[in-house]
Amino acid sequence: MSTPKEPLGPTPAEDPLEPVEPQSAADVEVAGEQSRASVAELDGFGRRYLRDVMSSSSLLTLLAIVLAVLLGGVLIIATDPAVQEATGYFFARPSTFFAAAWDAASQAYLALFQGAIYDGQAATFTRAIRPITETLTIATPLILAGLSVGLAFRAGLFNIGGQGQVILGAVLATWIGFGLDLPPVVHLVLALVGGAVGGAFWAAIAGVLKARTGAHEVIVTIMLNNIAAYLVLWVVTTKLFAGGSSGTSKPVGENSRLPALLPEPFRLHLGFILALVLAAAVWWLMERSTLGFKLRAVGSNARAARTAGISVGAMTVLAMAIAGGLAGLAGASQVLGTEGYLTASVAGTIGFDAITVALLGRSKPLGTVLAGLLFGALAAGGRLMQTRTGTPLDLVLVLQSFIVLFIAAPPLVRTIWRLPKPGVRREKPSPTSTTPVTAGADA
Amino acid sequence: MRLELRGITKRFGTFTANDGIDMVVESGEIHAILGENGAGKSTLMNTLYGLYEPDAGQIVIDGEPVVFTGPGDAMRAGIGMVHQHFMLVPVFTVAENVVLGQEPVGKGLIDLKRARQIVRETSEMLGFEIDPDAKIEDLPVGVQQRVEIVKALSRNAKLLILDEPTAVLTPQETDELIEIMRRLAAAGTSILFITHKLREIRAVSDAITIIRLGQVVGSATPSATESELASLMVGRSVSLGVAKEPATTREDVLEVRNLVVRDTHGVPVVNDVSFTVAAGEILAVAGVQGNGQTELTEAILGIQKPASGSVVLRGEPLEGKGVRERLDSGLAYVPEDRSTDGVVGEFSIVENLVLDRIGAAPVSRGGALDMRFLRRNAHELVKEFDVRTTSVDRAVGTLSGGNQQKVVLARELSRPLSLLVASQPTRGVDVGSIEFLHDRIVSERDKGAAVVIVSTELDEVLALGDRIAVMCGGELVGIVPGGESRDVLGLMMTGIGPEEARERAAEHHTLLGEADLEAEAEAADAVPVAPTTPTTPPATGTVDDAPVEETR
């Protein structure tokens, strides 16, 4: 079967991999048609594109990860000194080259695995299973902030402001953590709520500005990130916050700490369970609740939602606030769980990694949890890889970047793996549309 | 040009859009292709225009088989196409649009003088005048269509494909288009005319091919009656008119008083419009697309803020009330553009069927969706409104336009309502379902709802309206009783008041207006039958004087 071409508007040129058809007048006319696109429509295009990316199959995601790992392997081989040496006499003894190459790549990935999941070479059992707990610890804030980005996206908003929201959540949770003296449980709950409120407040600023004035949330949240970053630099030096060593706050009270799940020296704390519970909660919110239905309706087709009597402005503010709350909890879990005190770098790059995590997880809670775990594993494993095989930690960053690159370009992955193009079935109503199906048959 | 299609077959995956289509268009013939939405007309035309490659079959032009790999090939072979949605650059002039893609070049620049000359020569040949320097966006749709025709002919089209050309025209403009078509045919140009409107077909075509479910199901001559054509098109006998009793009106439900809506530039798009609609009647609002009807309905719903004037629902001014409150007070609303305003394409049928009932029982309980109610509701409505789908969980965006429209109507008619405002309620819906949906709308009227139908299709306006309001340029030209002649409505759509329109219409009937009169005469001759009995012979039968020939 020949590739069906789109009927009128969209020409094959839309697909970057499709061979460009001979220029015809019709193509030119279509280009003219597109020149009508207003800024709003361009924005719509961006949203549609991201939605396409988000809705591609999980198989594609898996293949993207495999591709990234393969390419990463090539990079490891290319930069490995032993391999470089073997290249010098490649033609004399090619087997040495291949052996060296295999050695470099497999050793590096083995170390990555050992650093992330289970280290069989460790002296003690505690040290052997420590990697997996580290992975979970690092994944915790990534999952929380990833849920934040994903939820906002499904409501039609790009929450680039995770970073700022994490910081605000951390600041407020810290303040409640050391500033109050309350009984166990109560103190912790209050500190967590404080973290959520901090993030929600910060994000709601962008939501209100968008709903009231149309200010684009991307620009506003980026700016709010900067403000938050400098704010926390100042906060940790204030009399109220400043603790013993410079650059850190007073430690939060014991009662406000997230309890450790395992005895010392493991760092894993209750925050991880909290993240899983919240992932389930977000699933329920989006799939089963009235509010989630409205949020999704606005995110998917704001005009239809408005026509159906759903307040788009209110949903925008709410979506940002809930998303901010989740990101705030990521900050709170860092302070109350992992760190115990506030530093200016409390957010690390969580807010930005979260965007990648949400993208990889396709904005769905389960996907986000899995993506968060993967990124946690890469981060944890990268350290051991560097110490054991000398492969630079930056490789982890490269791997992450490759994954995102491939996720962002589904046609590229499809072409490499020779998968069929999706959407053929979308071009025309399916044949079944001609035969009425009695309702209830699929109940 | 003599065009012959031999066994053209086009498949999309497992779906066969065209299945062995055979047809011949003689030189200088106006050949109509009649079929419902989704019957495969557009696929066939796109294949002929080189946009699709057929999976099987042959295109033969003047005895020579040809293969098109793109529209460029088709154009070089002398095939021109006027799409339903014009392919013009709005900010370019007529001349620039006409030469776009094959610009005459002189000294490295576009030779606009030559371009203007092309426009003048071609339009002169067709018997009308167009200012080559007018900007497209300033021209009415009827003229834009002519620009498209000029564009096609300036590329030496010997066969012109017109895709639903009358969808946007008034009866008078349609007349002018028919005149142009006849001139072209007389000059030897073949015309393929795609439509689902029966009346036009009989008025203009020399030969008719009827397509259903991707197959040619018959051919007919213009002497076939409308119901014969309709039953061939649908595959079963259909009654075309709506069987409705005269309205028994009660108290006024909707009152629109001196309503003014301005666009973002401050230009009034609804200008001082006043009317009332009573419980138990249908007010049909006629008018060419874009004459303020959209803004009028949006002001009633509350998503357009009126500059002045008021909308009163059952004695209560709606000013300051949000969409939610208006819907809750008994307003049902069918937006003009279902895909952007009516449904959320990514949502399932289940979800779309409760889109504007969300938040209240029985859809929501305690902040959660009542999934059992949602599913039951979906199964019931899908069955009742005959939404064709494999599953209620299918995303609405994957349904055909007609089925999407059924989802919207099913939703709106499934809750208690005192006022129904529906724009283009049956756009894109198959003929068989139009009948059903019209009946549903009439039954809402009979149950005591006030109904406002906005439609650009005069057939629909005439079928449903107990009274007909005509809008032009944002103003209400007048309100006339239902059953007013098509010619009068057509003239009113251009802004001519009812009295003058009646006088003028009496002097000159349009082709479609005449067809109406003939149809009435035919109906008067016919033996009166009970409304439920099909008045047409079954689709498989042959007709006495055999104007319809069954091929399958």
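In the predicted model, helices α6(A) and α10(A) cross with a left-handed sense. Two packed helices are described by the angle between their axes and the distance between the axes. Here the axes of α6 (residues 125-154) and α10 (residues 271-288) of chain A come within 8 Å and cross at roughly 15 degrees; since angles under 35 degrees count as roughly parallel, α6(A) and α10(A) are therefore roughly parallel to each other. On the α6(A) side the contact is made by A:L136, A:T137, A:T140, A:I143, A:L144, A:L147, A:L151 and A:R154, which meet A:G271, A:F272, A:A275, A:L278, A:A279, A:V282 and A:M286 of α10(A).

Chain B is divided into four parts, with domain 1 comprising 1-78 + 156-238 + 535-552, domain 2 comprising 89-155, domain 3 comprising 240-330 + 417-533 and domain 4 comprising 339-415. The C-alpha centres of domains 1 and 4 of chain B are separated by 35 Å.

Helix α5 of chain B, formed by residues 141-154, has 14 residues and should span 20 Å at 1.5 Å a residue, which agrees with the 20 Å between its end C-alpha atoms. Its buried residues run from B:Q145 through B:R146, B:V147, B:E148, B:I149, B:V150, B:K151 and B:A152 to B:L153. Just after α5(B), a positive phi of about 60 degrees is adopted by B:N156.

Definitions and conventions: Residues numbered from 1 in each chain as written. Chains lettered and ligands numbered in written order. Predicted model: local features only at pLDDT ≥ 70, side-chain atom pairs only at ≥ 80, totals over all residues. Domains from an automatic or database assignment. Helix = DSSP H or I, 4+ residues; strand = E, 2+ residues; numbered from the N terminus. Expected span 1.5 Å × (residues − 1). Buried ≥ 20, exposed ≤ 12 C-beta atoms within 10 Å, placed from the backbone. Axes fitted to C-alpha atoms, helices over the stretch in contact; angles between N-to-C directions. Parallel < 35°, antiparallel > 145°, perpendicular 65-115°, else oblique. Left-handed = near helix turned anticlockwise from the far one by under 90°. Contact = placed C-beta atoms within 7 Å.
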